[in-house]
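Student: I would like to learn how to read a few features of a protein model. Please take them one at a time.

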Amino acid sequence: MQNARPSRASNHSRSVDGRTIPPSTAYQRLRLVIIQETPGVWLVRGLEHDVVIEGRSIGVAVREAITFVRAHTAFDMRHDLVPLQAFPPAPPSYWHAYSTGTPVSLAQLGIAQPDGWEILAAVSHRRV
């Protein structure tokens with residue numbers, strides 16, 4: 001799937017939460033699949049970049065994933081690297097779990113989109 005990019009036809013694009021994005025800013029997408037491993041243990045796994053985070057609730061796990069994305073993006077940008085380039089895509093089973101899962105927005109969880117990213121999430125109905 002192609003990364004969302006700002007339109008060259010206008011001076012600015014809008015992110016999924018309405019913020020203005022300068023035309024020179026690369027805009028990346030990361031889909032997260034959320035899986036309940038055991039009672040009280042939720043796993044969040046990135047698809048485009050295979051990052052894995054655990055938390056005691058969906059909200060905690062997704063917040064930790066966003067914190068990870070922000071921190072790694074800042075590190076990578078300081079070192080002139082593409083954000084999260086060190087993390088290859090997740091295995092196909094996680095992509096399938098995402099596509100058959102129930103979408104959940106970050107706004108529903110009270111979480112803001114990180115700058116430069118479009119984060120989409122879905123709760124899987126099965127363990128992978």
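Student: How many aromatic pairs does the structure hold?

Tutor: Two points before the count. This is a predicted model, in which local features need pLDDT of at least 70, side-chain atom pairs count only at pLDDT 80 or more, and totals for chains, interfaces and linings use all residues. Residues are numbered from 1 along each chain as its sequence is written, and side-chain values use heavy atoms, with hydrogens and water left out. A pair of aromatic rings is described by the distance of the centres and the angle of the planes. Rings of Phe, Tyr and Trp (its six-membered ring) pair if their centres lie within 6.5 Å; planes under 30 degrees apart count as stacked, over 60 as edge-to-face and the rest as tilted. The structure holds 1 aromatic pair. F68 and F87 form it, edge-to-face, with 5.6 Å centre to centre and 75° between the planes.

Student: Which parts does the pair of F68 and F87 tie together?

Tutor: Helices (H or I, at least four residues) and strands (E, at least two) are DSSP runs, numbered from the N terminus. F68 lies in helix α1 (residues 58-78) and F87 in the loop between α1 and α2 (92-99), so the pair ties together parts 19 residues apart in sequence.

Student: Is R45 buried or exposed?

Tutor: Buried means under 20% relative accessible area, exposed over 50%, partly exposed in between (1.4 Å probe, protein chains only). R45, in strand β4 (residues 41-46), has a relative accessible area of 15% and is therefore buried. By comparison with the cut-offs, F68 at 23% counts as partly exposed, and F87 at 21% also counts as partly exposed.

Student: What does the charged end of R45 sit over?

Tutor: A charge sits over a ring if NZ of Lys or CZ of Arg is within 6 Å of the ring centre and within 35 degrees of the ring normal. Here the ring belongs to Y94, and the charged end of R45 is 4.0 Å from its centre.

Student: What is the order of strands in the sheet?

Tutor: Two strands pair if DSSP finds at least two bridges between them. The sheet is open, with 5 strands in the order β5-β4-β3-β7-β6 and mixed pairing. Its edge strands are β5 (52-55) and β6, each pairing on one side only. Strand β3 (residues 28-38) runs parallel to β7, joined by 7 bridges, whereas β6 (residues 102-104) pairs with β7 in the antiparallel sense over 3 bridges.

Student: Why is β7 described as largely enclosed?

Tutor: In strand β7 (residues 117-123), 6 of the 7 residues are buried, so the rest of the structure largely encloses it.
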